[in-house]
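Visitor: I have the file open and would like to go through it with you. Can we begin with how the parts of the chain meet?

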Amino acid sequence: MIPRNPCLAALRAGYLFPEIAKRRREYAAAHPETAEPDRRIISLGVGNTTEPILPHINRGLAEGARRLGTPEGYSGYSDEGFLSLREGISRVFYRGQFAADEVFISDGAKCDIGRLQLLFGKGVRVAVQDPSYPVYVDGSVLIGAGGTWSGTGYESISYLPCTAENNYFPDLASLPENCVFYFCSPNNPTGAVATREQLSALVAAAIAKGIIIIFDAAYAEYIRDPLLPKTIFEIGGAKTCAIEVNSFSKPAGFTGVRLGWTVVPRELKYAGGEPVNPDWARICGTIFNGASNIAQAGGLAALEPEGLKEIRDLCDFYLGNARLIRSALLDLGIPCVGGDNSPYIWARFPGRDSWEVFTEILEKCQVVTTPGSGFGPAGQSFIRFSAFGHRSDVEEACGRLGRLRG
Ligand code: PLP
């Protein structure tokens, strides 16, 4: 018999979103009235997109599929991705500052975050913002880089609190030396977006302390404030200390299509001076056979002017939802942040347990949210509201939130 992988045994509880889905199912089973339209459960919980892919980008996908059925248009494996897509991403999102071989096309940011763990292995020190997107911690634990569970966190992972007290930006002095630091902006779950000054300080700290930043920019297209950086590579020096992951999921509605990218600059080196880029190419070539050709055709359409306009329109739509949720919460006197340059609103319920508030909102409003404690210890007493939803559902949910009054 094969013993269970101890890394799997080290993972705490269920992954957050299956646990939420389970509690929703149990509530629905115990409350058959939720089958009635006006009592139905509405989800402002997970970050899954809900709106159809817009026409120009969708035509790109359809055309990609059509071409596969022709002798001239057929293509097989595409390794690190279509050259035109790699060049296009560099041109559109990075002002052309990367060569095609620094941009790796993936099947999504989450998948690449998982694969990136292989670059550093189990001996590496990991640091995360607390709260953070669960994959950074759970992916590290899966590869054996988590260490043992202490009761509040994993011993080999440094949790840097991002709270109302520090305006959701970590104290960089507490970053350990020589670690891999997962940093997400616009942030999931807090909705906070790091300023240019904050990112400059982060890059300076990373260079001084021998840190590699894994910068997760999955929500960059939600940034509307022109002063806020959309990529870590707007900051001088970042090429020597950062890898960026990004995706078409949230800006173009590709959550089910699956297409993303990772930028690994040639300047990025390990402690021994070896470049990281060829190792990433090696890992991708070994355990990943490239993103779908159809998805990549859709990605190319998304980079055209009509596609970029559709990305803007789609993000504006969800930002409109975010404004509604935010103002409904503020009307109730519930303090919250985010939702202006990100699709998440982070609401504070001082002194309360996140799962208890989750249950109260589910029972009183039949609205599913995400308990902040699921994103790390500093998420306790917070609830994340997601702006991904149909407008009518969001309006209905906002109305129902009034039941939390009193
Ligand atoms: N990064 C963050 C911060 C996310 O919130 C998500 C999805 O919710 C992802 C990455 C995953 O993106 P993808 O669909 O490209 O795997």
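Guide: One term first: contact means heavy atoms within 4.5 Å. Also, this is a predicted model.

Visitor: Fine. Which domains is the chain divided into?

Guide: Domain 1 is made of residues 6-53 + 307-401, and domain 2 covers 56-305. Their centres, taken over C-alpha atoms, are separated by 24 Å.

Visitor: How many residues of each domain are in contact?

Guide: On the domain 1 side there are 40, in contact with 53 residues of domain 2.

Visitor: And what area do domain 1 and domain 2 bury between them?

Guide: About 3,800 Å², with 62% of that on carbon and sulfur atoms. The size of an interface is often given in this way, as the accessible area lost when the parts come together.

Visitor: How many salt bridges cross the interface of domain 1 and domain 2?

Guide: The rule finds two across that interface.

Visitor: Which residue forms a salt bridge with E165?

Guide: R348 does, and the closest N and O atoms of the pair are 3.4 Å apart.

Visitor: Change of topic: Q117. Where is it, and is it buried or exposed?

Guide: Q117 sits in helix α5, residues 109-120. Its relative accessible area is 6%, so Q117 is buried.

Visitor: What is Q117 in contact with, leaving aside neighbours within four places in sequence?

Guide: Q117 is in contact with V135, Y136, G139, S140, I143 and Y182. The C-alpha atom of V180, 63 residues away along the chain, is separated from that of Q117 by 9.5 Å.

Visitor: Last one, E197. Buried or exposed?

Guide: E197 counts as exposed because its relative accessibility is 60%. The residue lies in helix α7, residues 196-209.

Visitor: What separates the C-alpha atoms of E197 and L228?

Guide: A distance of 9.5 Å, with the two residues 31 apart along the chain.

Technical notes. Residues are numbered from 1 along each chain as its sequence is written. This is a predicted model: local features need pLDDT of at least 70, side-chain atom pairs count only at pLDDT 80 or more; totals for chains, interfaces and linings use all residues. Side-chain values use heavy atoms; hydrogens and water are left out. Helices (H or I, at least four residues) and strands (E, at least two) are DSSP runs, numbered from the N terminus. Buried means under 20% relative accessible area, exposed over 50%, partly exposed in between (1.4 Å probe, protein chains only). Domain bounds come from an automatic or database domain assignment. Buried area is the accessible area (1.4 Å probe) that two parts lose on being put together, summed over both. A salt bridge is a side-chain nitrogen of Lys or Arg within 4 Å of a carboxyl oxygen of Asp or Glu.
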